[in-house]
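The following paragraphs walk through a structure chain by chain. Model confidence comes before the elements themselves.

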Amino acid sequence: MNAVLENLRSRRMPNIATQGAIRIDDVVKIYDPDGAAVMAVDHCSLDIPAGEICMIVGPSGCGKTTLLNAIAGFHSITSGSISMDGQLLCGPGKPKAEPGSDRIVVFQNGALFPWKTNLENVAFGPLMQGKLGKKEIYEKARSMMADAGLSGTEDNFPGEVSSGLRRRVEIVRALMNDPKVLLFDEPYRALDSLTKSVMHEALLEIYYKNKVTIFFITHDLEEAIFLGHRLVIMTSRPCKPKKILEVDIPHPRDYSVLTSPRFRELMEETSAVVHEEAKKSFAAGEKEG
Amino acid sequence: MSKSIARLKNRLFSRASLRACIALVVFVVLWEIGSRSKQWLGVSLPWIGQVPAPSAVMSVWGDLLTNRGYWESWYLSLVRVLAGFIAAMVVGIPLGLLMAVSKTFSGLTFPTFEVLRPIPPLAWVPVAIIFWPTQELSIAFVTFLGAFFTVVINVVGGAKSIDSRYFQAAQAMGASQWDIFRRVVLPATLPSIVVGSSVGMGITWNVVVAAEMISGGGSSGGSGGGLGFFIWNSYVGGSYEQIVVGMISIGIAGYACSEVLRAVGGLATPWLRQR
């Protein structure tokens, strides 16, 4: 099994991260609003090797975000366990993981602090962790922003730049923490499709330069196939993997991939499955979340 | 510096300020005609016919500008407003933050707070006079109450509505509880503090004037009892022009206070400024 994985990794991943492997083992999450038990995650198991871009695809409200929140340490799980690089994050006797700078979330609507300038936002994590001196932190922040094409926006507030740039600032802010895993919660949902395509390429570029594992939630199939090494299509609530699919289009990718025959094939192969779950979810009247 | 002067110039000569000037002039002219309707038109218009004309008011005002008592009224009212307002901020902001942050504290204090809040500040005047040793303190206390409840309610509302994503992001990036309070809760609440304080400032002016009328102008009495007392005194003395002078003075004072607050608020929340 390990040899197979190794083989896969060397073939698919230009960025060979050695850390940030996530193992989700038989996780169950039951919410209990007013005594009415609602199962959000149903015996979900998933292995994400270090350095993979793992796309979690599922209808709105299927419980994908619950899984992300469990990894990030924002919410507890009911049973099962989640570990990173062999170390338990949460599991028996420890229902909620500690939030930490090794797992940074890029939120659906963005969580840049509007009262801090972009530069201050980017420098926030290292300043809080006290890992470096102030001067080094700001130097690093400036150079990382420059690398991401954000020069000239350092002293703007997030509210003063376009939403696409804001997302980029947020990703840079996440990377400043040297995370092992980046957790994306439908970060490009609110963007128009043109901005989205630019953001996708920018994200891949950032990914190629940094050794991170990416756990990316979306309900946009095109986005999922374009970015991911692997697609995990979830069932509608309660959520568990329904179909796992390798995307055998080699990285590095650019937007020409979208018109390739293989891309179309993969779209066809998956859209029926996704559509079926979406219909179920719609019939069940699930709310967003 | 020259840039800000240019901006000021632009603002002064903009279309908006031209409109404001025209509106003011039209208002004053109509008022003058209304007041002098008996003299000019032969019939006294209802209500406005009894009001002293702006020209008469201006001439009385001109005399008052050199009157020490008039300026003392300004000073006294301003001091009371500021005392009450600052006390309300100093007590109200931490109290509001505590109520927002701690469920226990909020559970213990909020019911009492909500019972006291609807009581109009002026209903406190008799009690305030009994409670406090000097009339000056009584008036400041009533003024304080005027701003206090508004400030607290706004701070609580602002701090409670902070998006949980900010807390989660800060926590994941290694911020301590204290860091989160200082770098997330405080700045995120600032806009509500600014709003609460500007509303509160308006209320303090309402309250101080009424309190001065009721309590007879505080300890100094006579002609130096604040703008509220100045109006009341003018009424008793039968100088209707002075009443209007007092009213306009309060309007100007209140407006100036709001402008100062707005400027300070703008400096404190630069991310909300439109560039």
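Chain A has an average pLDDT of 85, and 92% of its residues score at least 70; pLDDT is the predictor's confidence in each residue, from 0 to 100. Within chain A, confidence is lowest in helix H1 (residues 2-12), with a mean of 51, and highest in helix H3 (residues 118-129), at 94. Helices (H or I, at least four residues) and strands (E, at least two) are DSSP runs, numbered from the N terminus.

This is a predicted model, in which local features need pLDDT of at least 70 and side-chain atom pairs count only at pLDDT 80 or more, while totals for chains, interfaces and linings use all residues. Residues are numbered from 1 along each chain as its sequence is written, and chains are lettered from A and ligands numbered from 1 in the order in which they are written.

Strand E6 of chain A (residues 103-106) is covered on both faces. In a regular strand the side chains alternate between the two faces of the sheet. E6(A) pairs in the parallel sense with strand E7 of chain A (residues 181-185) over four bridges; pairing requires at least two DSSP bridges between two strands. A:Arg103 has A:Val181 of E7(A) as its bridge partner.

Chain B contains twelve helices and zero strands. Its C-alpha trace spans about 80 × 55 × 35 Å along the principal axes. Of its 275 residues, 34% count as buried.

Methods. A residue is buried if 20 or more other C-beta atoms lie within 10 Å of its own, exposed if 12 or fewer, and partly exposed in between; C-beta atoms are placed from the backbone.
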